[in-house]
Amino acid sequence: MAATTSLGSTAGPAESAPPRRRANPLRHLPAYSFVAPFFLVFGIFGLYPLAYTFWVSLHHWDRLTGDAGFAGLDNFRELLADPDFYTATFNTFSIFLLSTAPQLLVALGVGWLLDRRLRARTTWRALVLVPQYVSVVAVALVFSQLFGRDFGIVNRALEQLGLIGDPIDWAADTWSSHLAISFMVMWRWTGYNALIYLAAMQAVPRELYESAMVDGAGRLLTFRRITLPAIRPTVLFTVVISTIGGLQLFAEPMLFDQQGNAEGGTEHQFQTLTLMLYKYGFINNDAGYASAVSWVLFLLIAVVATANALLVRRSGR
């Protein structure tokens with residue numbers, strides 16, 4: 001007998017639910033096929049070299065003769081006990097901090113100036129990229145002459161201003177060499193980052209600026225309260241990319257050294273970790289030790305880039 005509900009209606013036999021359609025595992029195949037080339041290229045040229053480098057770091061491996069036996073973690077233990085490793089690490093972080101932080105701040109200011117209504121602003125924006133057109137070899141040659149001890153323009157200018165007495169041997173001292181290389185890096189990459197910031201600033205809605213001007217906000221307050229929050233993702237991007245590039249610095253210190261032997265000066269005063277890697281891998285042909293250096297550098301870059309990203313996000317909050 002059919003049961004009666006509280007509303008007085010009679011409930012009929014339970015209706016069977018419609019059968020669920022089985023998900024077709026091939027329906028996402030076209031989408032995966034479009035992104036597959038990226039992962040294939042990344043696996044061949046990214047993951048495989050990374051894994052193979054770690055395998056080489058666990059062996060006594062000569063670059064010319066090949067594998068000479070399993071070493072375990074001996075290369076890493078030797079590296080952590082090497083005073084040159086800590087000198088190169090200090091030099092790397094010192095040059096990175098001296099060049100990256102001022103570079104991004106100046107690039108932010110240049111991008112803000114280029115975002116204003118200027119005469120011939122297209123020409124100014126093109127001129128900002130001029131350092132990118134110049135070969136790094138030519139840049140190093142020019143800056144080596146600028147920071148020369150006897151006939152360098154920088155020493156001559158400092159002498160005329162009365163700031164120094166004797167000429168500075170920029171390549172002989174730790175801090176002077178770091179400053180010279182940092183100026184070289186800043187000259188090359190400031191304009192590049194400025195154009196990235198400019199592109200982000202031009203995407204900010206102009207109505208926000210007009211409202212701020214109506215409320216009486218000045219240019220600096222508008223920049224701090226509207227522009228910076230709006231381009232925060234771009235700032236985060238440039239911080240991470242600059243961190244990766246700054247800790248992998250190779251060409252500038254290599255060409256700044258007149259000897260060209262990857263020693264970074266007579267006392268390794270500006271030898272970076274990449275110079276140390278090049279020295280052991282391509283001059284001493286010790287591929288196992290060089291691979292250990294590369295893996296430690298990889299871990300350092302990952303940690304510092306993550307820390308920088310977290311700091312930028314926290315400061316934005």
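Predicted model: local features only at pLDDT ≥ 70, side-chain atom pairs only at ≥ 80, totals over all residues.
Q: Hi! Which residues does Ser182 touch, not counting those up to four places away in sequence?
A: Ser182 touches Ile95, Leu98 and Ser99, where contact means heavy atoms within 4.5 Å. Residues are numbered from 1 along each chain as its sequence is written, and side-chain values use heavy atoms, with hydrogens and water left out.

Q: Thanks! Where is Ser182 found, and is Ser182 buried or exposed?
A: Ser182 is found in helix α8. Its relative accessible area is 1%, so Ser182 is buried. Buried means under 20% relative accessible area, exposed means over 50%, and partly exposed is in between, using a 1.4 Å probe and protein chains only.

Q: How many helices and strands does the protein chain have?
A: There are 14 helices and 2 strands. Both are DSSP runs numbered from the N terminus, with helices being H or I of at least four residues and strands E of at least two.

Q: And what is the radius of gyration of the protein chain?
A: The radius of gyration is 29 Å, well over the 20 Å that the globule rule gives for 317 residues, so the chain is more spread out than a compact globule. That radius is taken over C-alpha atoms, and the globule rule is 2.2 Å times the number of residues to the power 0.38. Along its principal axes, the C-alpha trace spans about 110 × 70 × 35 Å.

Q: What share of the residues count as buried?
A: That would be 37% of the 317 residues. The accessible surface comes to about 20000 Å², with 65% of that belonging to carbon and sulfur atoms. Those areas come from the Shrake-Rupley method with a 1.4 Å probe, and for residues only the protein chains shown count as cover.

Q: Now the inside. Which residues have the most contacts in the largest nonpolar core?
A: They are Leu108, Tyr197, Met201 and Ile231, in a core of 21 residues. A nonpolar core here is a set of buried Ala, Val, Leu, Ile, Met, Phe, Trp, Tyr and Cys residues joined through side-chain atoms within 4.5 Å. Helices that each supply at least two residues of this core include α3 (83–114), α8 (174–202) and α14 (287–316). The largest share, 5 residues, comes from α8.

Q: What is Tyr197 in contact with, leaving aside its neighbours within four places in sequence?
A: Tyr197 is in contact with Leu104, Ala107, Leu108, Thr234, Val235 and Thr238. There is also a second, separate core of 19 residues, which includes Leu79, Leu247, Tyr280 and Tyr289.

Q: Changing topic: which helix does Lys279 lie in, and is Lys279 buried or exposed?
A: Lys279 lies in helix α13, residues 273–283. At 10% relative accessibility, Lys279 counts as buried. Setting aside residues up to four places away in sequence, Lys279 touches Ala262, Glu263, His268, Gln271 and Asn284.

Q: One more loop: where is Gly152 found?
A: Gly152 is found in the loop between α6 (136–146) and α7 (153–160). Gly152 is buried, with a relative accessible area of 2%. Leaving aside neighbours within four places in sequence, Gly152 is in contact with Gln145 and Leu146.

Q: Last one! What separates the C-alpha atoms of Leu80 and Ser211?
A: The C-alpha atoms of Leu80 and Ser211 are separated by 57 Å, and the two residues are 131 residues apart along the chain. Leu80 is found in helix α2, residues 74–80. With a relative accessible area of 48%, Leu80 is partly exposed. Leu80 touches Phe85 and Tyr86, not counting residues up to four places away in sequence.
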